[in-house]
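I open this notebook to keep track of what I look up, entry by entry, and of the terms I rely on as I go.

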Amino acid sequence: MRSRHVAVALVAAAHLLGSPLIVGCGGSESVSPTSPTPLESNTGVAGALIPPAPAPGALDEVFVGAGDIAECGTGDAEATAKLLDQIPGTVFTLGDNVQNAGSDSEYANCFEPTWGRHRSRMLATVGNHDWFGGNGRPYFSYFGASAGPAGAGYYSQTVGAWHVVSLNSEIAAGPGSPQYEWLKADLAAAPEVCAIAMWHRPLFSSGPNDNAAHMRDIWRVLKQYGADLVLSGHNHMYERFAPQDADGVADPRGPREIVVGTGGYPLYRRAHLQANSEVLDTDTWGVLKLTLKSASYTWEFVPVAGKSFRDSGSANCVVRSTN
């Protein structure tokens, strides 16, 4: 069972900086999947520091989910919810839990009958369509404690032996912003060896929605503290990247980004090929299943019934900095 020791953002909504970003989601045409490249193993790099031993009794934890999930009358959120029915562990979302307006009725009528049956074991992330509903008011009301402090949209939690951070890509994220300064303090205080960050708008993607450049400074902080994975949605496709720095330069000590916008919305086609992209599929709904170990992880993309695309592999955690 996952730990419920939550480290939250102790900020009020009134302190959030920056106006909401309102770039819409575009495109829905799907294409055949590309062929996966050979999978990597043990890609984490150990530095001079020796990682602390995991907490006694720490067990492998399954962490499974996707983004861009439920819209009434289109897509197939029920097909991906059926995958979750068969997979134990903690469920995560990567934003745009509902579409289009982020309204109470969309949560009640589109999300609740599908992914909503797993809400008791869910960690939520806010997306642009969630934020449309009055700076996320229906989102925070629906998810409650699983979305962190109301009005903020960023928080952290321990999952197994890992530190998990959910961030808000709809508000300011640069140096001096409440979110940025909270993240620095949160990572500096976190005792876990391995870390995941998740937010909706990806910094890197081959899809039609632009890269979220305002999250670049966040990426730099994550790399400084040795974060291992960044999970995003927004572009309705699956794409896995090699570890890289905030400027898109391949770096084995940087986080590995995986875009999992495959929760049920109509899928997008590729708009261009982003550097360091290792695997891309634009034709398959599904969920990403992570198995979080004490100092490593495995990943597996699980497709909905009738689809054959899969992606899997493993890597060691990057040693975290104490600076």
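**Entry 1: salt bridges**

I began with Arg 137, which forms a salt bridge with Asp 104, the closest N and O atoms being 2.9 Å apart; a salt bridge here is a side-chain nitrogen of Lys or Arg within 4 Å of a carboxyl oxygen of Asp or Glu. The pair links distant parts of the chain, with Arg 137 in helix H4 (residues 137-143) and Asp 104 in helix H2, 33 residues apart; helices (H or I, at least four residues) and strands (E, at least two) are DSSP runs, numbered from the N terminus.

I note that this is a predicted model, in which local features need pLDDT of at least 70 and side-chain atom pairs count only at pLDDT 80 or more, while totals for chains, interfaces and linings use all residues. Residues are numbered from 1 along each chain as its sequence is written, and side-chain values use heavy atoms, with hydrogens and water left out.

By the salt-bridge rule I get a count of 14. One of them joins the side chains of Asp 60 and Lys 293 (3.1 Å, N to O). Asp 60 lies in the loop between strand E1 (6-8) and E2, and Lys 293 in the loop between strand E12 (286-292) and strand E13 (296-303), so this pair ties together parts that are 233 residues apart in sequence. I also found Arg 240, Arg 256, Glu 278 and Asp 311 linked in a network of salt bridges.

**Entry 2: disulfides**

How many disulfides does the structure hold? I find 2 disulfides, each being a pair of cysteine sulfur atoms within 2.5 Å. Cys 72 is joined to Cys 110, with S to S at 1.9 Å, and the torsion about their S-S bond is about -120°, so this disulfide is left-handed. Cys 194 is joined to Cys 317, with S to S at 2.0 Å, and with 110° about the S-S bond this link is right-handed. Both Cys 194 and Cys 317 are buried, where buried means under 20% relative accessible area, exposed over 50%, and partly exposed in between (1.4 Å probe, protein chains only).

**Entry 3: helix H6**

In helix H6 (residues 216-224) I list Ile 218, Trp 219, Val 221 and Leu 222 as the buried residues. They cover an arc of only 160° around the axis, which puts them on the same side of H6; the arc is that of the directions from the helix axis to the C-beta atoms. Just after H6, I saw that Gly 226 takes a positive phi of about 75°.
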